[in-house]
Amino acid sequence: MTEITLMSDPKVAAVPVRDCGEPLVDVRGTGTLLVDERYKDPADAYAHLREGVLQRLLHAQELLPDGLRLLFVEGYRPLSLQRQYFEEYAAGLAADNPSWTPDQVHAAASRFVAPPDIAAHSAGAAVDLTLADADGKECDLGTALDASPEESAGACYTDAPGISAEGRVNRKILGAALSAAGLVNYPTEWWHWSYGDRYWALATGAEHALYGPWDVRR
Ligand SMILES: C[C@@H](N)C(=O)N[C@H](C)C(=O)O
Ligand SMILES: [Zn+2]
């Protein structure tokens, strides 16, 4: 198994960002993506992505076998919410593991929530998504989307052993389409994919990220 680079790795934060200024767009405007409302917020921030990320998602959907569609769950996440998620999860880990140093807590937290300074969701560059069948029913991907490493006993890791055969096949199908469309997976979360952010740049060898933190009031 290849070693996983966590988002807390200083190599990620060291990637320069040259934001191309592309706007956030509402993914519901295309009419072709299934959009789940479990993370709906008053401003509908969750349904937004940078234009180039959305175009790649639509391309990935075309690459899926007949009868399968992407089920979009969460895109843009304001920085304040990212910070809240990170701090809450890190506080829980620290409480459950009193012998850990702050650095250990930070690294462990980054398996499941990105440190706010490098967060791809807050750049409109990341998407949490899964597969649905022709009736729009969510497919088995081996764990619930957003099951933490603790809740899933590690089965949320994309290459985790011991998940259902159907979940394994569906993870492969999802991964093949999204990778072919140019997105990169975070290997600790089968549902998290990004394009143009720092993690993507490090994984693909790009000289810089295309998208940095984005303020919706721009
Ligand atoms: C919290 C989870 N849904 C998620 O999005 N995790 C990634 C790593 C993130 O926060 O960017
Ligand atoms: Zn995500």
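**Exercise 1.** Identify the residues with which His 192 is in contact, leaving aside its neighbours within four places in sequence, and decide whether His 192 is buried or exposed.

*Solution.* Begin with the criterion: two residues are in contact if their C-beta atoms, placed from the backbone, lie within 7 Å. Under this criterion, and with neighbours within four places in sequence left aside, His 192 is in contact with Ala 126, Asp 128, Asn 185 and Tyr 186. Next, a residue is buried if 20 or more other C-beta atoms lie within 10 Å of its own, exposed if 12 or fewer, and partly exposed in between, the C-beta atoms again being placed from the backbone. His 192 has 26 other C-beta atoms within 10 Å, so His 192 is buried. Finally, His 192 is found in strand E7, where strands (E, at least two residues) and helices (H or I, at least four) are DSSP runs numbered from the N terminus.

The model is predicted, local features need pLDDT of at least 70, and side-chain atom pairs count only at pLDDT 80 or more, whereas totals for chains, interfaces and linings use all residues. Residues are numbered from 1 along each chain as its sequence is written, while chains are lettered from A and ligands numbered from 1 in the order in which they are written.

**Exercise 2.** Locate Asp 128 and state which residues Asp 128 touches, not counting residues up to four places away in sequence.

*Solution.* The place of Asp 128 is in strand E5. Asp 128 has 23 C-beta neighbours inside 10 Å and therefore counts as buried. Not counting residues up to four places away in sequence, Asp 128 touches Val 73, Glu 74, Leu 145, Asp 146, Trp 191 and His 192.

**Exercise 3.** Find where UniProt places the feature "binding site".

*Solution.* The unreviewed UniProt entry places this feature at His 121, Asp 128 and His 192; UniProt positions are given in the numbering used here, feature names are shortened, and annotations may be inferred rather than shown by experiment. These residues span 72 residues in sequence, yet no two of their C-alpha atoms are more than 9.6 Å apart, so they gather at one spot.

**Exercise 4.** Give the order of the five strands in the open sheet and name its edge strands.

*Solution.* The order is E2-E4-E5-E7-E6, with mixed pairing, two strands being paired if DSSP finds at least two bridges between them. The edge strands, each pairing on one side only, are E2 (34-35) and E6 (184-186). E2 pairs with strand E4 (residues 68-74) in the parallel sense over two bridges, and the bridge partner of Val 35 in E4 is Phe 72.
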